[in-house]
Amino acid sequence: FTRGYKPVVYFFASLAITALIAAKGVKLIEKLSAFLMPMLIIVVIGLAAYGLTTDGAGQAMKFLFTPDFSSFFSVKLWALAFGQAFYSLSIGQGYLTTYGSFVPKKVNVPKATAIVAGVETSVALVAGLMIFPIIFTFGLNPAEGTQLVFDTLPLGFNSLAYGRILSIIFFWLLFFAAI
């Protein structure tokens with residue numbers, strides 16, 4: 001997928017889909033999100049449940065939920081944390097500016113913020129429970145970063161009944177979530 005003309009074709013196809021959605025305005029994004037995001041969350045929860053039945057589940061739980069205080073004072077750890085925070089804040093600022101103009105005046109902003117933070121954290125934890133058991137089951141390196149979803153999940157899908165159909169559904173939902 002990284003050589004030849006295919007990446008260019010996929011880029012322009014993605015750009016066209018994004019442009020069509022953006023041209024229809026925030027209402028279309030709202031309608032698509034209301035339908036597609038719950039579907040994605042259901043698939044992620046299902047994959048997390050599957051992940052917890054794999055051989056690597058215990059190792060994944062230890063990896064995710066056992067703090068390593070020895071690296072707490074690591075400059076690299078803090079640099080990565082600040083990099084992630086600044087990246088998230090810059091992306092978040094764009095969302096806040098765009099969607100903030102559509103929020104009705106009657107919305108309780110602190111309450112909405114708490115709900116968003118809670119849902120985002122919960123989804124991140126469930127995503128960890130989805131990916132890391134598969135990583136440890138198949139002996140992959142958990143330090144690979146965001147590429148893990150594309151390396152790990154195909155292995156998990158291959159070991160499931162109807163895995164090919166589930167993988168198509170999952171990656172299309174992930175694509176639209178990214179848009």
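Among contacts (heavy atoms within 4.5 Å) in the protein chain between residues at least 6 apart in sequence, 61% join residues at least 24 apart. This is a predicted model, where local features need pLDDT of at least 70, side-chain atom pairs count only at pLDDT 80 or more, and totals for chains, interfaces and linings use all residues. Residues are numbered from 1 along each chain as its sequence is written, and side-chain values use heavy atoms, leaving out hydrogens and water.

**The overall picture**

- You will find seven helices and zero strands in the protein chain; helices (H or I, at least four residues) and strands (E, at least two) are DSSP runs, numbered from the N terminus.
- The C-alpha trace spans about 45 × 40 × 30 Å along its principal axes.
- Of the 179 residues in the protein chain, 19% are buried, where buried means under 20% relative accessible area, exposed over 50% and partly exposed in between (1.4 Å probe, protein chains only).

**Where α2 meets α7**

- Two packed helices are described by the angle between their axes and the distance between the axes.
- Helix α2 (residues 26-51) and helix α7 (residues 163-178) have axes that come within 10 Å and cross at roughly 130 degrees; axes are lines fitted to C-alpha atoms, for helices over the stretch in contact, and angles run from 0 to 180 degrees between N-to-C directions.
- That angle makes α2 oblique to α7, since angles under 35 degrees count as roughly parallel, over 145 as roughly antiparallel, 65 to 115 as roughly perpendicular and the rest as oblique.
- On the α2 side, the residues that meet α7 include Leu36, Met37 and Leu47, and their partners in α7 include Ile169, Phe170 and Leu173.
- The residues of this α2 and α7 contact divide into 13 nonpolar, no polar and no charged; Ala, Val, Leu, Ile, Met, Phe, Trp, Tyr, Cys and Pro count as nonpolar, Asp, Glu, Lys and Arg as charged, and the others, Gly among them, as polar.

**The largest nonpolar core**

- Leu47, Met130, Ile131, Leu153 and Phe170 touch the most other members of this 21-residue core, a set of buried Ala, Val, Leu, Ile, Met, Phe, Trp, Tyr and Cys residues joined through side-chain atoms within 4.5 Å.
- Two or more residues come from each of α2, α5 (109-137), α6 (148-158) and α7.
- Beyond its neighbours within four places in sequence, methionine 130 is in contact with Val44, Leu47, Ala48, Leu153 and Phe170.

**A look at threonine 152**

- Threonine 152 sits in helix α6 and is buried, with a relative accessible area of 0%.
- Not counting residues up to four places away in sequence, threonine 152 touches Ile131, Ile134, Ile135 and Leu140.
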